[in-house]
Amino acid sequence: MMASLLHEELVLLNYQADNAETLLKELATILQQQGYVKDSYIQAILAREKEFPTGLNTPGVKLAMPHAAPKHVYKEAILVAKLAQPVMFKEMGNSGKDVEASLIFMLAVQDPKNHLDALSKLMSIFSQKEKLLEVYNTVDKKRLIEKLNAVLN
């Protein structure tokens, strides 16, 4: 059921960005250009990240999981970006701490139940250093999708 969330055109390897805001705008624009999200998604994700940061201090590879409300989404997807250099995000839970995120999972989800489902399944690998490093070190888009689908399905 969740398999359709990952698409090769939404897997970005060695992505380059100077800061979180630029990164979020660019990734959201890719989702928008590919027809997954509405124009409003870009502003929505920026606003939401300011209010509810999504940086996670995960073992092995630090990451961020930016997302916006379902009303900004046309069809569900997860954009995965492996960054060439880490980008600073604020830590989830408003600790105020910085997280040097190297892996970004940008979620475009319409159904809140699916959203929570995908989040909890992704969270299950986020606590496992080896699995996270394995995902991060995968250099082939198809293999990366296979590895994530193994978790999501």
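Predicted model: local features only at pLDDT ≥ 70, side-chain atom pairs only at ≥ 80, totals over all residues.

**Confidence and order of elements**

- Read from the N terminus, the elements follow the order β-α-α-β-β-β-β-α-α-α.

**Overall dimensions, burial and surface**

- The C-alpha trace spans about 35 × 35 × 30 Å along its principal axes.
- When contacts between residues at least 6 apart in sequence are considered, 72% of them join residues that are at least 24 apart.

**Salt bridges**

- A search of the whole structure finds six salt bridges, and three of them are described here, including one in helix 1 and one in helix 3.
- In helix 1, lysine 25 and glutamate 21 form a salt bridge whose closest N and O atoms are 3.4 Å apart; because these two residues lie four places apart in the helix, about one helical turn separates them.
- Both partners of that pair are partly exposed, since lysine 25 has a relative accessibility of 37% and glutamate 21 has a relative accessible area of 39%.
- Aspartate 117 and lysine 121 meet through their side chains in a salt bridge with an N to O distance of 3.7 Å, and their spacing of four residues in helix 3 means that they, too, are separated by about one helical turn.
- Aspartate 117 counts as partly exposed at 22% relative accessibility, and lysine 121 is likewise partly exposed, with a relative accessible area of 24%; the cut-off for a buried residue is under 20%.
- Lysine 90 forms a salt bridge with aspartate 98, and here the closest N and O atoms are 2.7 Å apart.
- Lysine 90 is partly exposed, with a relative accessible area of 40%, and aspartate 98 also counts as partly exposed, at 44% relative accessibility.

**Threonine 138 in its loop**

- Threonine 138 is found in the loop that runs between helix 4 (129-137) and helix 5 (141-152).
- Is threonine 138 buried or exposed? Threonine 138 is buried, because its relative accessible area is 6% and a residue counts as buried when that value is under 20%.
- A polar atom of the threonine 138 side chain lies 2.7 Å from the backbone oxygen of glutamate 134.
- Which residues is threonine 138 in contact with, leaving aside its neighbours within four places in sequence? The contacts of threonine 138 are with Leu13, Lys82, Arg143, Leu144 and Lys147.

Notes: Residues numbered from 1 in each chain as written. Heavy atoms only, no water. Buried < 20%, exposed > 50% of the residue type's maximum accessible area, 1.4 Å probe, protein only. Polar contact = N/O pair within 3.5 Å; in protein donor to acceptor, adjacent residues only side chain to side chain. Contact = heavy atoms within 4.5 Å. Salt bridge = Lys/Arg side-chain N within 4 Å of Asp/Glu carboxyl O.
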